[in-house]
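Please read the following briefing alongside the sequence and the model, which are shown here.

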Amino acid sequence: LNEKHDKDIVPAKLEVKNTDEARGQARRAEAGMRIIERERLLLAPPDGARLRATYQRLRELHAEAYGWQPPELASGAVANGHLPAHRRLRSYVRQWIHEWDFQRLYPEMTAEMQVDELRMDYAEDADLESESGTDGA
């Protein structure tokens, strides 16, 4: 709500429509965002035990789903307590699945996965606007 400025942008975009329906939607959106802020539950990042349990269970599921034995992963060292847990659980899960899928599909190749955090910014960028004012179509 704050990072993408939804609290300001969403109601303003609805109000611009200048209809009773849009004004009602804007009020409901504002009320909903207030509820989310007031009642949100912040989740703690996964600790070593949670990572280990998730890694092992996911490895079992991948083995069952594809009828093979997924190897231990270098990135699995995080799950085994050798590296700090500083990312979201979803990030680890996706990385492990990608690594196993890659090794399963291309066993003769080796790859090193790189994980970077991308920060999304949905603000308008005037530099991306064309000089002619068209969308390039």
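**Two residues in their setting**

Thr 19 sits in the loop that links helix H1 (6-16) to helix H2 (20-39), where helices are DSSP runs of H or I with at least four residues, strands are runs of E with at least two, and both are numbered from the N terminus. This is a predicted model, in which local features need pLDDT of at least 70 and side-chain atom pairs count only at pLDDT 80 or more, while totals for chains, interfaces and linings use all residues. Residues are numbered from 1 along each chain as its sequence is written, and side-chain values use heavy atoms, with hydrogens and water left out.

Thr 19
- Thr 19 counts as partly exposed because its relative accessibility is 36%, which falls between buried (under 20% relative accessible area) and exposed (over 50%), with a 1.4 Å probe and protein chains only.
- A polar atom of the Thr 19 side chain lies 3.0 Å from the backbone nitrogen of Ala 22.

Arg 59
- Arg 59 belongs to helix H3 (residues 48-66), and this residue is buried, with a relative accessible area of 15%.
- Leaving aside residues up to four places away in sequence, Arg 59 touches Gln 69, Pro 70, Pro 71, Glu 72 and Trp 100, contact meaning heavy atoms within 4.5 Å.

The whole chain
- The chain has 5 helices and 0 strands, and its pattern along the sequence reads α-α-α-α-α.
- Of its 137 residues, 20% count as buried.
- Among contacts between residues at least 6 apart in sequence, 54% join residues at least 24 apart.

Methods
Polar contact = N/O pair within 3.5 Å; in protein donor to acceptor, adjacent residues only side chain to side chain.
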